[in-house]
Amino acid sequence: MNGCHKPTTRWGTLCSTHRNRQRRHGHSNQTGVTKTELKPYIEIVRRRKARNQDSPLWTTLQTRWEQLIENARLVLKDHLNGKAMSRHLVMTSRELVNIHETVEFGDISCTALAMFILQTQHPMRFRDQNGFLHQLTRRLRGLSDVNAGTWFDHSTGKVKRVYRDLPARTSQQFGQSAIEVFALAGAVLAKKEIEEANAKQAEKLTIINAIQEMQ
Ligand SMILES: [Zn+2]
């Protein structure tokens, strides 16, 4: 199925490594997007933002985000009042409120938009849409210290941070919520980056050609 020949469990078609990856990363061959890997894309968004401080984009995104959080709070309130609802919706809502209360919106938006630029520039980095949703969720949740536990690694003598994972369906739903807020802006920003890179390339070629034509 995925080129792996390790023994599978009695119930599944995947070995334990690939099954874990499927659960944590949304696809059995999806690997995690690290903070370091995403950093250059976050820089792209930050530069764009710095050059366009007054653009209505940022306040519009923030309004949409706050609407999402308001809905999440209503879900949690209904849940507390005993209303029956999906466990994943409740967990997603809890995660959304948590990140909203512990992370600056500027960091949330730059991280989310950066993920769409990464996806546009390197579509193969994500095995499928589910793999992307999981990574979007992981990078957003990674912004909040609340989600990190620490343990002492005796082999390196360092304190390590580990993030507790959400159930796969919750990760998917959380990512879907972020998509509703950020996907359109992310796609258009990503397209603009590509257009600008192409324009620069064309300019370079014009200079090179012009010089070569010189006598
Ligand atoms: Zn395997």
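Helix axes are lines fitted to C-alpha atoms over the stretch in contact, and the angle between them runs from 0 to 180 degrees between N-to-C directions. The model treated in these exercises is a predicted one.

**Exercise 1.** Describe how helix 2 and helix 5 cross, and state which residues bring them into contact.

*Solution.* Begin with the geometry: the axes of helix 2 (residues 35–51) and helix 5 (residues 105–121) come within 8 Å and cross at roughly 115°, and the crossing of this pair is right-handed.

Next, list the contacts, taking heavy atoms within 4.5 Å as the cut-off.

Finally, sort the contact of helix 2 with helix 5 by class, which gives 11 nonpolar, four polar and three charged residues.

**Exercise 2.** Find how many cavities of 30 Å³ or more the structure holds, and characterise the lining of the largest cavity.

*Solution.* The count comes to one cavity of 30 Å³ or more, and about 40 Å³ of space lies in the largest cavity.

The lining of the largest cavity is made by Arg-23, Arg-24, Thr-137, Arg-138, Arg-141, Asp-165, Leu-166 and Ser-171. Two elements, helix 1 (16–25) and helix 6 (129–141), each give two or more residues to this lining, and helix 6 gives the most, with three residues.

Notes. Residues are numbered from 1 along each chain as its sequence is written. This is a predicted model: local features need pLDDT of at least 70, side-chain atom pairs count only at pLDDT 80 or more; totals for chains, interfaces and linings use all residues. Side-chain values use heavy atoms; hydrogens and water are left out. Helices (H or I, at least four residues) and strands (E, at least two) are DSSP runs, numbered from the N terminus. A crossing is left-handed if the near helix is turned anticlockwise from the far one by less than a right angle, and right-handed if clockwise. Ala, Val, Leu, Ile, Met, Phe, Trp, Tyr, Cys and Pro count as nonpolar, Asp, Glu, Lys and Arg as charged, and the others, Gly among them, as polar. On a 1 Å grid over the protein atoms alone, a cavity is a set of points where a 1.4 Å probe fits but cannot get out, and a pocket is an open set with protein on both sides within 12 Å along at least five of seven lines; lining residues have an atom within 4 Å of a point. Grid points are joined across faces, edges and corners, and a volume is the space filled by probe spheres set on the points.
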